[in-house]
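Here is a short briefing on one protein chain. Please keep the sequence and the 3D view open while you read.

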Amino acid sequence: MKIATYNVNGIHSRLPRLLEWLEESKPDVACLQEIKTSDATFPEAAIRDAGYGVLWHGQKGFNGVALLARGSEPVEIRRGLPGDEADTHSRYLEAQVQGVVVASLYLPNGNPQPGPKFDYKLAWMARLNAHAATLRGDGMPVVLAGDYNVVPTDAVADIYSTRSWKKDALLQPESRAAFQAMQSAGWTDALRHLHPDAPLYTFWDYLRQRWQRDAGLRIDHLMLNAPALARLRAAGVDKAVRGREKASDHAPAWIELADG
């Protein structure tokens with residue numbers, strides 16, 4: 001079972017690239033972020049024509065997540081992250097697909113920091129960790145996949161250089177501590193688990209020729225509970241997708257789980 005996460009940075013403008021990737025990579029589950037469209041304008045027909053059942057949680061102009069299942073219908077479990085009824089951002093969608101619980105999530109960027117946007121980021125991460133604790137030990141494989149907007153370490157394996165990013169919310173100690181707390185609570189960073197030292201960048205800013213210089217960051221993660229980790233067989237990044245015409249600034253990251 002192949003499960004992927006892909007921040008498409010606007011599903012309408014990137015739809016040809018998304019459909020191209022779905023045909024090439026054939027993920028069984030695809031978690032999308034930053035679809036940037038309302039529920040009413042989501043391109044459901046194009047996704048279904050590509051062979052995927054689909055759920056989406058849209059928001060006009062920004063945010064928004066979707067969850068695609070090849071040849072089947074994902075069964076919705078939860079729409080929106082619990083813990084703050086006043087939060088109207090579309091950032092979390094959870095479903096069951098073929099006996100695996102999968103969530104597509106888009107964490108707040110948090111910039112500029114310090115300030116209210118960074119406070120919201122940390123509060124959202126605290127809510128995520130609290131909800132993740134309810135999912136971790138129920139015996140079913142769980143994959144929490146998405147754009148976490150956190151660079152886990154300063155190592156070259158996670159970021160090309162920290163020089164121009166030191167004040168960015170993605171690298172702050174508080175952001176990293178919340179991400180580490182998730183791992184300390186029993187969740188495994190699948191990409192890093194199978195590739196301990198290799199650079200596995202998933203994001204290259206459009207500015208300053210960063211793609212051409214391979215000046216990337218690792219901010220898209222697939223976090224696994226113990227039953228999912230026991231089935232983990234492979235993981236990687238479809239890096240070439242980022243280099244195509246009118247591409248998202250992210251590349252898809254993916255894992256493969258053995259049959260249960």
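The model is predicted. Six strands form an open sheet with mixed pairing. Elsewhere in this briefing, strand β10 (residues 220–224) is described as largely enclosed by the rest of the structure, because five of its five residues are buried.

**The six-stranded sheet**
- The strand order is β3-β4-β2-β1-β12-β11.
- The edge strands are β3 (52–57) and β11 (232–237), and each pairs on one side only.
- From one strand to the next, the twist averages 15 degrees.
- β11 and β12 (residues 253–257) run antiparallel and are joined by five bridges.
- A235 stands opposite I255 in β12.

**Helix α1 against the strands**
- Helix α1 (residues 15–25) lies across β1 (2–7), β2 (29–33), β3 and β4 (65–70).
- The helix runs at about 160 degrees to β1.

- D220, L222 and L224 point one way from β10.
- H221 and M223 point the other way, and all of these residues are buried.
- β8 and β10 run antiparallel, with five bridges between them.
- Strand β9 (residues 188–189) also runs antiparallel to β10, joined to β10 by two bridges.
- L224 in β10 is the bridge partner of V143.
- L224 is also the bridge partner of T188.

**M182 in helix α4**
- M182 lies in helix α4.
- M182 has a relative accessible area of 2%, so it is buried, the cut-off being under 20%.
- Not counting residues up to four places away in sequence, M182 touches L128, N129, A132, L144, Y148, W187 and M223.
- One of these contacts, M223, is a buried residue of β10.
- M182 and A126 are 56 residues apart in sequence, and their C-alpha atoms are 9.4 Å apart in space.

**T162 in a loop**
- T162 sits in the loop between β8 (142–147) and α4 (173–184).
- Is T162 buried or exposed? T162 counts as buried because its relative accessibility is 15%, and buried means under 20%.
- Leaving aside neighbours within four places in sequence, T162 is in contact with D154 and L171.

Technical notes
Residues numbered from 1 in each chain as written. Predicted model: local features only at pLDDT ≥ 70, side-chain atom pairs only at ≥ 80, totals over all residues. Heavy atoms only, no water. Helix = DSSP H or I, 4+ residues; strand = E, 2+ residues; numbered from the N terminus. Buried < 20%, exposed > 50% of the residue type's maximum accessible area, 1.4 Å probe, protein only. Contact = heavy atoms within 4.5 Å. Pairing = 2+ DSSP bridges. Axes fitted to C-alpha atoms, helices over the stretch in contact; angles between N-to-C directions.
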